[in-house]
Amino acid sequence: MNTRAGLALAPEGIRLIREPPGSRQHHPRAIEPTPPASAPEARVVPDRPRTTPPPSGGGALFDWIIVGGGPHGVCAARALTAGGASVRIVDPSGALLERWGVRARAVEMVWMRSPAGHHLDAQPVSLHHFLHRPEHADVAELAGRLRRPTHEAFLRHSREVVETAGLDRSVVRGRVSSIQRRNGESIVRGDGLELRGRRVLIATGSNTPRIPAWAKRMRDEGAPIRHVFEGDAPLDLDLVGGGISSVQRALMVHRATRRTVRVWMRHPLREAEFDFDRDWTKHRFAAEWNALDESARIDFLARHGGRGSVPGGLARRVERAVRNGSLRVAHELPAFEWDAATQELRLRGSEGAVRSSGVTLLTGLEPEAVSGWLRSTAEDLGLPVVHGMPRLRADMEWGEGIHVTGSLARLRLGPMAPNIVGARWATSLLPGVRMQPV
Ligand SMILES: Cc1cc2nc3c(=O)[nH]c(=O)nc-3n(C[C@H](O)[C@H](O)[C@H](O)COP(=O)(O)OP(=O)(O)OC[C@H]3O[C@@H](n4cnc5c(N)ncnc54)[C@H](O)[C@@H]3O)c2cc1C
């Protein structure tokens with residue numbers, strides 16, 4: 001199932017690995033992704049006052065309590081409410097898609113990585129129809145063979161999905177810390193919050209930035225090394241990471257500082273339209289996946305996780321930026337030398353040492369595991385956990401009335417479970433939902 005291959009040495013000195021030609025569907029009308037003249041700024045969905053209904057939910061019994069207001073929570077809430085279910089969505093921000101917006105801004109995401117069929121509405125063609133409306137002509141462009149929409153188009157469409165379904169009125173601010181079952185109901189609790197639901201959907205996303213062991217050691221000694229998703233990372237001129245986020249961030253830092261930004265990556269820049277095999281989103285893959293036993297699935301997940309890559313259009317921009325001196329791409333991880341007394345950080349690569357004022361890690365997120373409050377909930381309710389992941393039934397049910405989507409559902413759905421297409425698959429399998437995932 002792994003189709004990436006082919007090593008080429010680009011004349012500019014960036015090494016690239018390209019997808020083999022012809023391994024993907026051909027879309028003659030698609031264009032190559034160049035950034036729009038004024039790149040649409042990534043914006044968080046709610047531009048209006050946040051709604052925070054009474055946390056207690058007034059003691060009412062809802063059909064579904066959704067824990068987490070990210071893309072997975074929204075996609076499920078949209079489909080469940082369309083089927084007539086009453087829903088409450090709990091999120092610490094009290095808003096929907098908040099964390100999505102924060103992370104997209106941190107890497108100045110202009111284009112989605114996924115095709116236009118991957119969105120949060122129930123109908124597979126919903127985003128295509130949205131883009132055909134005259135008022136969205138400014139964001140109607142689609143990129144590359146996969147016909148990827150702009151991030152702004154995805155956000156506007158998501159905002160419309162949220163508004164049409166009235167989901168803002170269903171959001172409750174809070175961080176869930178336990179789920180109990182009593183008399184066929186779930187009691188969901190957390191910081192002053194108590195909600196009752198017939199069913200619960202856990203949609204808490206990926207919560208842990210991936211920080212390599214060497215970086216942890218350096219940070220313990222006080223070195224200025226931070227992960228891009230840990231908060232307001234400063235505009236460091238040294239970045240570590242070999243995927244789309246690192247090069248997008250590098251271009252953004254260069255634009256903001258006009259200084260040369262160094263990107264350190266262990267491997268050549270891999271060129272691929274999508275960050276996983278597109279076959280994994282298809283019905284045939286789902287059937288093959290379901291036929292695998294658990295150990296084969298665990299093995300597959302271990303072999304196919306987290307390979308950084310960039311789409312062709314972005315790779316061309318990186319090549320140009322290297323040629324004009326805006327970026328330097330080093331295909332190695334430097335040795336880090338931190339002098340706590342002088343607070344001086346030096347990065348030593350094969351071409352010598354450079355002083356650095358700080359390093360930003362763009363090393364992605366850890367695959368989510370059952371830990372913290374989820375682990376104690378699993379223990380209390382006797383919910384099965386395999387290799388740190390929930391063992392889910394066909395309808396994404398973990399234990400009576402408790403369902404799971406997102407990164408935690410990898411064992412059930414495969415490597416694309418955390419992505420938007422994973423949200424669509426998981427939602428389509430929930431009880432009471434009628435929806436075509438793709
Ligand atoms: C920069 C970036 C770009 C991406 N681009 C794409 C793309 O183009 N296409 C694609 O398919 N995928 C993409 N992904 C991958 C994936 O779609 C996203 O990570 C997406 O945000 C996953 O959605 P989610 O709802 O599972 O998680 P999140 O967006 O993380 O949302 C989970 C929510 O749950 C909340 N939460 C956590 N714990 C609790 C708790 N105890 N109680 C209540 N709430 C809680 C969190 O605060 C958060 O708001 C991208 C990821 C990143 C980081």
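Which residues are closest to the ligand, and how many surround it? I looked there before anything else. I found 35 residues around the ligand, and the closest are Gly-68, Gly-70, Gly-205, Gly-406 and Asn-419. A residue is near a molecule or strand if its C-beta atom, placed from the backbone, lies within 6 Å of it.

**Ground rules**

I noted that this is a predicted model, where local features need pLDDT of at least 70, side-chain atom pairs count only at pLDDT 80 or more, and totals for chains, interfaces and linings use all residues. Residues are numbered from 1 along each chain as its sequence is written.

**Ligand shell**

I sorted the shell by class and got 14 nonpolar, 15 polar and six charged residues. Ala, Val, Leu, Ile, Met, Phe, Trp, Tyr, Cys and Pro count as nonpolar, Asp, Glu, Lys and Arg as charged, and the others, Gly among them, as polar.

Next I asked which elements supply the shell. Helix H1 (71–82), strand S4 (87–91), helix H2 (98–106) and helix H12 (420–429) each give at least two residues. H2 gives the largest share, five residues. Helices (H or I, at least four residues) and strands (E, at least two) are DSSP runs, numbered from the N terminus.

**Helix H2**

I stayed with H2. Its residues Arg-99, Trp-100, Gly-101, Ala-104 and Ala-106 are buried. Buried means that 20 or more other C-beta atoms lie within 10 Å of the residue's own; exposed means 12 or fewer, partly exposed is in between, and C-beta atoms are placed from the backbone. The buried residues of H2 pack against H1 and helix H4 (151–164). Two residues are in contact if their C-beta atoms, placed from the backbone, lie within 7 Å. Just after H2, I saw that Glu-108 takes a positive phi of about 40°.

**Whole chain**

I stepped back to the protein chain. It has twelve helices and 21 strands. Of its 438 residues, 45% count as buried. Among contacts between residues at least 6 apart in sequence, 70% join residues at least 24 apart.

**The parallel sheet**

I traced an open sheet of five strands, order S9-S17-S10-S11-S13, with parallel pairing. Strand S9 (225–227) and strand S13 (327–330) stand at the edges with a single partner strand each, so one side of each has no neighbour in the sheet. The twist averages 25° from one strand to the next. Two strands pair if DSSP finds at least two bridges between them.

I then checked the pairs. Strand S10 (residues 238–240) joins strand S17 (residues 359–361) over three bridges. Val-240 stands opposite Leu-361 in S17. S10 also pairs with S11 over three bridges, in the parallel sense. Here Val-240 stands opposite Trp-264 in S11. The chain crosses from S10 through H6 to S11, and this β-α-β crossover is right-handed. Right-handed means that, with the strands pointing away from the viewer, the path from the first strand over the helix to the second runs clockwise.

Helix H6 (residues 244–257) lies across S10, strand S11 (261–264), S13 and S17, at about 170° to S11. Axes are lines fitted to C-alpha atoms, for helices over the stretch in contact, and angles run from 0 to 180 degrees between N-to-C directions.

Which way do the residues of S11 point? Val-261 and Val-263 point one way, Arg-262 and Trp-264 the other way, and all are buried. In a regular strand the side chains alternate between the two faces of the sheet. S11 and S13 run parallel and are joined by four bridges. In S13, Arg-328 is the bridge partner of Arg-262.

**The antiparallel sheet**

I found an open sheet of three strands, order S14-S15-S16, with antiparallel pairing. Strand S14 (335–339) and strand S16 (352–356) are at the edges, each with a single partner strand, so one side of each lacks a neighbour in the sheet. S14 is joined to strand S15 (residues 344–349) by five bridges. Ala-335 has Arg-348 of S15 as its bridge partner.

**Two residues**

Met-389 is in strand S19 (residues 389–390). Met-389 counts as buried because it has 24 C-beta neighbours inside 10 Å. Leaving out residues up to four places away in sequence, I saw Met-389 touch Ala-369, Val-370, Leu-408, Arg-410 and Leu-411.
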